[in-house]
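User: Hi! I'm new to reading protein models. Could you walk me through some features?

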Amino acid sequence: MLGYLLARAGVKVMVLEKHEDFFRDFRGDTIHPSTMEVLAELGILEQFLALPHDEMRFARMNLEGKLYPVADFSTLETRCKFMAFIPQWDFLNFLSAEGKKYPSFDLRMGHEATDVIFDDERIVGVRVQTPAGEMEVRADLVVGTDGRHSIIREKAGLQTESFGVPIDVLWMRIAKPPNPPENTLGYFKNGQFMVLINRKDYYQGGFLIPKGGFEEIKAEGLDAFRKKIVSIAPFLESTVHEIDDWEKVKLLTVMIDRLKQWYRPGLLCIGDAAHAMSPAGGVGINLAIQDAVATANILVAKLRSGTVGDPDLAAVQERREPPTKTIQGLQVRLHQVIINVRPGNARRVILFVNVLRFLPFLRKRIARFIGLGPQPEHVSNDLFEHA
């Protein structure tokens with residue numbers, strides 16, 4: 001997204017992607033109303049919505065077998081009053097195709113940044129492993145967007161602050177049964193919590209477990225694990241048998257961390273490279289997109305002139321750190337609530353969600369927080385193609 005925005009503004013950009021394609025099973029398929037608002041401001045929303053996708057206008061939770069409304073996106077003051085669900089590889093292919101319409105956008109697939117290049121204290125480029133061997137790329141600014149296990153931030157020596165997370169998530173593919181129920185994101189029963197993301201003919205399932213508890217679950221056996229899934233979502237009984245090997249169950253070690261300083265001379269980190277998010281609320285993608293928009297808004301003029309300095313990079317952190325802190329703080333508290341719920345003591349959770357049934361203004365507030373975030377970004381006029 002950042003590469004596309006800057007190229008559109010006339011800034012020469014090279015985007016390095018270590019894989020040969022985007023076709024991998026990403027864990028986040030949510031495109032938030034705020035992201036679609038950005039696409040509308042860029043004039044490419046109609047093309048995006050032409051891609052196969054699902055829409056969710058009302059978020060619901062299934063608690064102990066009963067359905068409860070949680071968030072009402074239909075009330076948002078945005079063009080798209082819904083959450084869109086689309087495989088992330090389709091979204092990435094869409095953005096890269098749009099970027100390639102601009103001559104200053106250079107996407108290099110199969111190119112992995114492995115180290116940064118210093119000139120005294122300033123970072124002036126990266127070392128890149130390519131199909132043809134190693135190469136160096138020099139730039140006025142390096143932006144680390146390589147995720148929660150960022151090589152860029154590690155090689156640059158940026159320090160992180162980590163926050164305790166008591167859960168991990170097991171991700172798996174579960175075929176849809178005939179006549180599935182209406183889309184419901186979260187299922188809670190018997191002290192267990194599971195997320196099901198609709199992917200047309202199958203679900204992407206996320207099963208919450210205590211931190212470090214995967215080995216114990218494996219020791220209990222696949223049959224016991226399948227029974228846990230069915231106890232939460234009984235309609236999966238006819239298809240859950242397809243999980244017949246632990247290789248089909250992937251562990252996501254959940255972490256929440258944040259760089260103390262997102263930059264140093266010649267380098268900026270954004271997205272998960274600057275702040276790893278929990279999957280709670282599915283807000284990580286939205287936060288990263290908002291980071292990209294703010295970065296482009298703040299830096300485009302300086303990048304055109306080649307005069308980006310530390311105060312400019314600090315301005316990005318100053319803009320985006322407050323909403324990051326807000327969301328991460330709420331995620332930490334939410335994890336504590338979830339992990340402490342046990343069979344028989346879920347009354348407080350059910351009571352809270354039941355209150356939402358009778359207080360529609362709270363459902364609107366939750367929808368705004370999830371769908372837009374605490375500080376949505378908008379595209380500056382400076383980001384339109386620079387003559």
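Analyst: Let's take aromatic rings, charges over rings, cavities, backbone angles and cysteines in turn. This is a predicted model: local features need pLDDT of at least 70, side-chain atom pairs count only at pLDDT 80 or more, and totals for chains, interfaces and linings use all residues. Residues are numbered from 1 along each chain as its sequence is written, and side-chain values use heavy atoms, with hydrogens and water left out.

User: How many aromatic pairs are there, and how do I read one?

Analyst: You describe a pair of aromatic rings by the distance of the centres and the angle of the planes. Rings of Phe, Tyr and Trp (its six-membered ring) pair if their centres lie within 6.5 Å; planes under 30 degrees apart are stacked, over 60 edge-to-face, and the rest tilted. Searching the whole structure gives nine aromatic pairs. In one of them, Phe214 and Trp246 are edge-to-face, because their centres are 5.8 Å apart and their planes at 80°. That pair links distant parts of the chain: Phe214 is in helix H6 (residues 214-220), while Trp246 is in the loop between helix H7 (222-232) and strand S17 (249-252), 32 residues apart. Helices (H or I, at least four residues) and strands (E, at least two) are DSSP runs, numbered from the N terminus.

User: Where does the charged end of Lys218 sit?

Analyst: A charge sits over a ring if NZ of Lys or CZ of Arg is within 6 Å of the ring centre and within 35 degrees of the ring normal. The charged end of Lys218 sits over the ring of Phe214, 4.8 Å from its centre. Arg173 has its charged end over the ring of Tyr202, 3.8 Å from the centre.

User: What about empty space inside?

Analyst: Rolling a probe the size of a water molecule over the atoms shows where empty space is left. On a 1 Å grid over the protein atoms alone, a cavity is a set of points where a 1.4 Å probe fits but cannot get out, and lining residues have an atom within 4 Å of a point. Grid points are joined across faces, edges and corners, and a volume is the space filled by probe spheres set on the points. Of its 14 lining residues, the closest to the centre are Asn183, Thr184, Leu185, Leu196 and Asn198. The second largest cavity holds about 30 Å³, and helix H8 (284-305) and helix H9 (310-340) each give two or more residues to its lining.

User: Which residues have a positive phi?

Analyst: Most residues other than glycine have a negative phi. Among the exceptions here, Glu64 has phi near 50° and Asn179 near 55°. Glu64 is partly exposed at 31% relative accessibility, whereas Asn179 is exposed at 77%.

User: How many disulfides are there?

Analyst: A disulfide is a pair of cysteine sulfur atoms within 2.5 Å. The whole structure has zero disulfides. Cys80 is buried at 4% relative accessibility, and Cys269 is buried at 0%.

Technical notes. Buried means under 20% relative accessible area, exposed over 50%, partly exposed in between (1.4 Å probe, protein chains only). On a 1 Å grid over the protein atoms alone, a cavity is a set of points where a 1.4 Å probe fits but cannot get out, and a pocket is an open set with protein on both sides within 12 Å along at least five of seven lines; lining residues have an atom within 4 Å of a point.
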